[in-house]
Amino acid sequence: MGFINPMVYVIFLYWYPIKGNRGVFMLTAFLLGLIIDLFSDTLALHALATLTAAYARPLIMRFCFGVNYEFQNFSFKNTTKVQRLTFLALLVLVHQMVFFFLEILSFSHLLLILKKIFATSLVTIFLCSLFSSLFSPKSE
């Protein structure tokens, strides 16, 4: 309808390997956002929002998973669904906040910004969690 545009590509930040090279991760996140910007004609908004969420990912993981995240044998299989959903929701929320604050770039439209963040985040979290449950390996 033009108001809610789910940004499902944020699931890349969720699925990227935890022990992967951070420099490659940041570069890939930037390039992903830049490619989406080129096709959607949004002057590097996606690139900046994706890069910010990628940069904040370790902090969000430490917040959601606690000290377990620091250990070498950390795996998503050892976490609860609530922890994984919280992690996904915070990633999406950081991404959406940066994106919409920069898109509108005016505090006089704060209610519109918050409405867009809330609506788009809900739909994006729902679709990303759906894709995550559909394409994740089943544990027996």
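Select helix 3 to start: at 1.5 Å a residue, its 21 residues should span 30 Å, and the end C-alpha atoms are 29 Å apart, which agrees. The expected span is 1.5 Å times one less than the number of residues, and helices here are DSSP runs (H or I, at least four residues), numbered from the N terminus. Before moving on, note that this is a predicted model, in which local features need pLDDT of at least 70 and side-chain atom pairs count only at pLDDT 80 or more, while totals for chains, interfaces and linings use all residues. Residues are numbered from 1 along each chain as its sequence is written, and side-chain values use heavy atoms, with hydrogens and water left out.

Now centre on Arg57. Helix 3 bends there by about 45°, with a proline, Pro58, following within four residues; the bend is the angle between axes fitted to the seven residues ending at a residue and the seven starting there. After helix 3 comes Gly66, with a positive phi near 65°.

Next, select Phe65 and Phe87. Which parts of the chain does this pair tie together? Phe65 lies in helix 3 and Phe87 in helix 4, so the pair joins parts 22 residues apart in sequence. Phe65 is buried at 3% relative accessible area, and Phe87 is buried at 0% (buried means under 20%, exposed over 50%, partly exposed in between, with a 1.4 Å probe and protein chains only).

The whole structure holds eight aromatic pairs (ring centres of Phe, Tyr and Trp, the last by its six-membered ring, within 6.5 Å; planes under 30 degrees apart are stacked, over 60 edge-to-face, the rest tilted). For another of them, show Phe12 and Phe25: their ring centres are 6.0 Å apart and their planes at 35°, so the pair is tilted. This pair links distant parts of the chain, with Phe12 in helix 1 (residues 11-15) and Phe25 in helix 2, 13 residues apart. Phe12 is partly exposed at 22%, whereas Phe25 is buried at 3%.

Ala44, between helix 2 (22-40) and helix 3 (45-65), has a positive phi of about 65° although it is not a glycine. Leu105, in the loop between helix 4 (81-104) and helix 5 (110-135), also is not a glycine and has a positive phi of about 55°. Most residues other than glycine have a negative phi. Ala44 is partly exposed at 36%, and Leu105 is exposed at 64%.

How values were computed. Helix = DSSP H or I, 4+ residues; strand = E, 2+ residues; numbered from the N terminus.
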